[in-house]
Structures are given as C-alpha cells and as structure tokens.
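Thanks for asking me to look this one over. Here are my notes, in the order I would go through them with you.

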Amino acid sequence: MNRQELADVVLGITQTLNDSDQVSPVFLDTNFRRDLGFDDLDCLHLHLLIEDKLDVSIPDEDWRDIEAVAHIIDWLIQNQPYCPHCDCYPCRCDEVAAVTEAVERQGVVIH
Ligand SMILES: [Zn+2]
C-alpha cells in the first residue's frame, strides 16, 4: 500500500471505533483521546485492529507515543521498507505479480 492507501485504511479503522455520542469526522490530525474521546480500551482496540488489518506489529513503547491518526501513518512509513517498484510500504511486488499473472492467464491484456 502506498501512503494514501495506508491513510485510507487507518482512517477507516479509526472511524469504525468512533462511536461517541456525537460522531466526529476523522481526519489525519484527529487526536484519539482529545477529539474522539477514546479511553484506554478504545486505544487498545485500535492498536489491535491496525496490527490485524495491516499485518504489522507496533510495539507498546511506540504505541504510547501515538496520539493521532497521522502518527500511525508516520510509524508505518518509517518502520516498513518502501519499495519503489510497486509504490508500497512494505513491498507487495509478489502480490502485484500474482494478480497480473492471473489476469494474463484469463487472456486480458493490461495496457
Ligand atoms: Zn515491491
């Protein structure tokens, strides 16, 4: 996933946990506790969901410094190797190649 896709996923996950009485829109600079009223349990859920959906492991000591949506995206970008070939953090060339191969097998030409 590139930066924009990572941002979309993180924003989406945060939105699913955003069940406060007045649902606030979630932006990159949204602070979980201050803007969304997340408590410790909500933050734990968010931590687990991010790890599950993105197949990463964010250490607790790093997570303690993460207070806003943008902090998660920054962490993902800083802690996963960037691959310029597929424009992804981390590399997904294998998956891209598998999709391309499957499409080609069906006789579809990709331009
Ligand atoms: Zn790649």
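1. A quick cut-off before we start: a residue counts as buried if 20 or more other C-beta atoms lie within 10 Å of its own, as exposed if 12 or fewer do, and as partly exposed in between. Please also keep in mind that this is a predicted model.

2. With that cut-off, Cys43 is partly exposed, because 18 other C-beta atoms lie within 10 Å. Cys43 sits in helix 3. Leaving aside residues up to four places away in sequence, Cys43 touches Phe32 and Phe38. Ile13 is 30 residues from Cys43 along the chain, and their C-alpha atoms are separated by 12 Å.

3. Now to the largest nonpolar core, which has 14 residues. Val10, Ile50, Val69, Ile72 and Ile73 have the most contacts inside it. Two or more residues each come from helix 1 (3-17), helix 2 (32-36), helix 3 (40-54) and helix 5 (69-79). Helix 5 gives the most, with 4 residues. As background, nonpolar side chains tend to be buried together in soluble globular proteins.

4. How do helix 1 and helix 5 cross? Their axes come within 10 Å and cross at roughly 135°, so the two helices are oblique to each other. The crossing is right-handed. Helix 1 brings Arg3, Leu6, Ala7, Val10, Leu11 and Thr14 to the contact, while helix 5 brings Val69, Ile72, Ile73, Leu76 and Ile77. By type, these residues divide into 9 nonpolar, 1 polar and 1 charged.

Definitions and conventions: Residues are numbered from 1 along each chain as its sequence is written. This is a predicted model: local features need pLDDT of at least 70, side-chain atom pairs count only at pLDDT 80 or more; totals for chains, interfaces and linings use all residues. A nonpolar core is a set of buried Ala, Val, Leu, Ile, Met, Phe, Trp, Tyr and Cys residues joined through C-beta atoms within 7 Å. Two residues are in contact if their C-beta atoms, placed from the backbone, lie within 7 Å. Axes are lines fitted to C-alpha atoms, for helices over the stretch in contact, and angles run from 0 to 180 degrees between N-to-C directions. Angles under 35 degrees count as roughly parallel, over 145 as roughly antiparallel, 65 to 115 as roughly perpendicular and the rest as oblique. A crossing is left-handed if the near helix is turned anticlockwise from the far one by less than a right angle, and right-handed if clockwise. Ala, Val, Leu, Ile, Met, Phe, Trp, Tyr, Cys and Pro count as nonpolar, Asp, Glu, Lys and Arg as charged, and the others, Gly among them, as polar.
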